[in-house]
Amino acid sequence: MKILLVDDDRLILAAMSPGLRAANFEVTTASGGDAAIELCKQAPPDLAVLDMRMPGTDGMAVACWLREHSRIPFLFLSASSETEMMDRAAKAGAVGYLVKPVTPAQLLETVRAALKNVAEQRSPDG
Amino acid sequence: MNVTWPSYCFNKAGDAIALKEDPVYRYDKLSRAELTRILVEAHNLLQVAEEDDPQRMLYDLHLHKVELEIQNQDLRDSRLALEEARDRYADLYDFSPAGYLTLDKKGIIQNLNLTAATMLGRERSRLLGKPLVSFLTPACHGALYEHLRRAFSNDDQTTGILELRCGREGTVREIRLDSRVQIDSQGGKSCLTILVDVSEQRRKEQALRETLIREVHHRIKNHLQGVMGLLNMCRRDDMEPDAIVDKTIRQVSTIATVYGLQSHTNENPVRLSDLLRACVDLYGYTSPIDANYLQMDDCRGYLAQENSVPIALVINELMSNAVKHRPETAADQPIQVKLSSDGNRYRLRIGNPSVGLPPDFDFGSGAGLGMGLELLRALLPTQGADLSLSQKDGMVYSELVLEPPVLWIDHPQGRQC
């Protein structure tokens with residue numbers, strides 16, 4: 001399964017990728033919204049993990065693009081714990097919302113659960 | 001000397017002006033310049049005229065009249081100028097963007113400008129003699145009396161912010177009071193107070209404060225997320241607990257160093273040589289280091305905020321590897337650190353004595369990499385940064401080349417790239 005990690009902080013990308021790779025996910029990273037959209041066009045991942053606040057094209061803009069142009073599910077990994085942001089994420093169609101900092105195990109668990117839910121919803125019986 | 005007294009002099013228009021024959025001549029019809037000319041001409045005549053010349057007295061009287069007229073004209077001009085100045089200052093007072101109040105010790109309004117009257121929501125005449133406290137919210141009553149007490153007890157300006165019920169609707173606004181005591185000619189004291197509505201300014205300050213707090217929270221959480229990820233990577237590398245702690249402390253110190261350097265500048269760019277010096281210093285206590293970056297005071301390469309932490313962690317990892325892989329037999333041989341530049345390209349070379357790279361090592365493909373080098377590959381930007389490793393004569397060299405867009409050449413305020 002392919003996971004796209006999107007965050008403007010490369011330290012987070014570098015530090016969070018190995019945990020997912022160790023769990024046999026294929027991980028690609030993007031340090032900005034535009035690069036993330038480009039990657040989704042070229043090689044659509046099975047799930048995108050988006051940072052909410054990024055300079056330029058932010059996570060919410062990427063989420064809108066994903067919803068309009070693809071069936072790629074996405075969840076947010078954001079430093080914001082404000083209810084308003086969580087509501088916006090839910091309205092945008094996010095399958096999850098994690099507030100930083102999270103342990104790699106929490107991220108892994110959330111990613112697995114999100115993929116499972118999406119798979120169940122999309123299965124003919126779901 | 002006998003003088004022939006002129007019967008007339010002439011004004012600028014050439015009109016004849018009688019001096020002797022018309023004792024009630026209206027000199028006030030003449031301009032000041034014309035009157036002055038008459039005086040000068042007459043003065044010359046008087047100097048050469050005989051003292052007992054019978055015409056002289058009459059002529060002299062006329063001249064006094066001319067002089068008086070000049071003085072009268074000067075007085076009228078002065079009065080006009082004063083009235084104009086008074087009107088001008090009255091306008092400035094009344095239509096100033098700030099409200100002006102004159103208060104007595106009890107806070108009774110003695111005088112006020114139109115702006116203050118508008119702020120208080122009544123006609124000026126109806127406000128005279130009213131206590132200012134009646135326009136404040138109850139919570140601010142004590143604060144006003146304390147403000148007045150301080151204002152009347154010193155000569156300096158006293159400042160305070162109070163809540164005023166403004167306008168006819170009594171909308172509560174935050175008002176800054178700047179007060180200073182004045183003493184009139186009879187020795188009476190009153191307080192001149194300037195009222196400035198700072199509600200909008202305070203609202204913006206509060207919004208800015210909240211934005212800053214959110215930004216700080218955002219950054220702290222991001223850093224914690226990064227540190228948690230780094231710690232988790234150590235778990236996968238089968239390191240001893242002490243080594244994990246040492247490594248993590250250096251990584252956290254490196255991140256803190258970057259933010260320390262960024263706090264010195266407004267736009268947060270960090271000079272590459274300063275960053276390198278700070279990162280290498282973390283290892284200077286435990287290992288001999290031969291560094292020539294100290295000559296790089298003219299370094300023109302700057303790292304933008306988003307690149308500073310990743311590049312600093314890369315430098316930290318290279319230093320860590322250099323120390324870690326140095327054989328015990330070469331413990332006294334220094335780690336070599338050199339920063340050089342070639343136009344817009346900066347080259348950092350770190351060398352350490354080594355038994356050599358592993359046979360299957362290939363940094364480009366990622367083969368044979370430990371956790372540290374794997375981290376390096378992930379941290380390096382895809383453009384503007386290149387890392388290579390080589391070995392020669394018992395030394396392993398890691399070379400990090402940085403150029404735009406990772407680097408800014410010259411300070412961002414006047415950057416070239």
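Tutor: Buried means under 20% relative accessible area, exposed over 50%, and partly exposed in between (1.4 Å probe, protein chains only). This is a predicted model, in which local features need pLDDT of at least 70 and side-chain atom pairs count only at pLDDT 80 or more, while totals for chains, interfaces and linings use all residues. Residues are numbered from 1 along each chain as its sequence is written, chains are lettered from A and ligands numbered from 1 in the order in which they are written, and side-chain values use heavy atoms, with hydrogens and water left out.

Student: In what order do the elements of chain A run from the N terminus?

Tutor: Helices (H or I, at least four residues) and strands (E, at least two) are DSSP runs, numbered from the N terminus. Chain A has five helices and five strands. From the N terminus on, its order is β-α-β-α-β-α-β-α-β-α.

Student: What share of the contacts in chain A with a separation of 6 or more comes from residues 24 or more positions apart?

Tutor: Contact means heavy atoms within 4.5 Å. Chain A has 126 residues, of which 52% count as buried. For contacts with a separation of 6 or more, the share from residues 24 or more positions apart is 60%.

Student: How many aromatic pairs are found over all chains?

Tutor: Rings of Phe, Tyr and Trp (its six-membered ring) pair if their centres lie within 6.5 Å; planes under 30 degrees apart count as stacked, over 60 as edge-to-face and the rest as tilted. Over all chains, the number of aromatic pairs is three.

Student: What is the angle between the planes of Phe74(A) and Phe76(A)?

Tutor: These two rings form an edge-to-face pair with centres 5.9 Å apart and planes at 75°. Phe74(A) is buried because its relative accessibility is 3%, and Phe76(A) is buried at 0%. The angle between the planes is 75°.

Student: Are Tyr93(B) and Tyr100(B) stacked or edge-to-face?

Tutor: Their centres are 5.5 Å apart and the angle between the planes is 15°. Tyr93(B) is partly exposed at 25%, and Tyr100(B) is partly exposed at 27%. The pair is stacked.

Student: The ring of which residue lies under the charged end of Arg349(B)?

Tutor: A charge sits over a ring if NZ of Lys or CZ of Arg is within 6 Å of the ring centre and within 35 degrees of the ring normal. The charged end of Arg349(B) sits 4.0 Å from the centre of the ring, and that ring belongs to Tyr397(B).

Student: Is Thr158(B) buried or exposed?

Tutor: Thr158(B) lies in strand β5 (residues 158-166) of chain B. Leaving aside neighbours within four places in sequence, the contacts of Thr158(B) include His147(B), Leu177(B) and Asp178(B). Because its relative accessibility is 3%, Thr158(B) is buried.

Student: What separates the C-alpha atoms of Asn154(B) and Arg180(B)?

Tutor: Asn154(B) lies in the loop between α5 (141-153) and β5 of chain B. At 28% relative accessibility, Asn154(B) is partly exposed. Asn154(B) and Arg180(B) are 26 residues apart along the chain, and their C-alpha atoms are separated by 8.4 Å.

Student: Which element of chain A is included in the cover of the buried residues of α10(B)?

Tutor: Helix α10 (residues 371-379) of chain B has buried residues, among them Met371(B), Leu375(B) and Leu379(B). Their cover includes α6, α7 (241-262), α9 (305-324) and β13 (385-392) of chain B. From chain A, the cover includes α1 (10-22).
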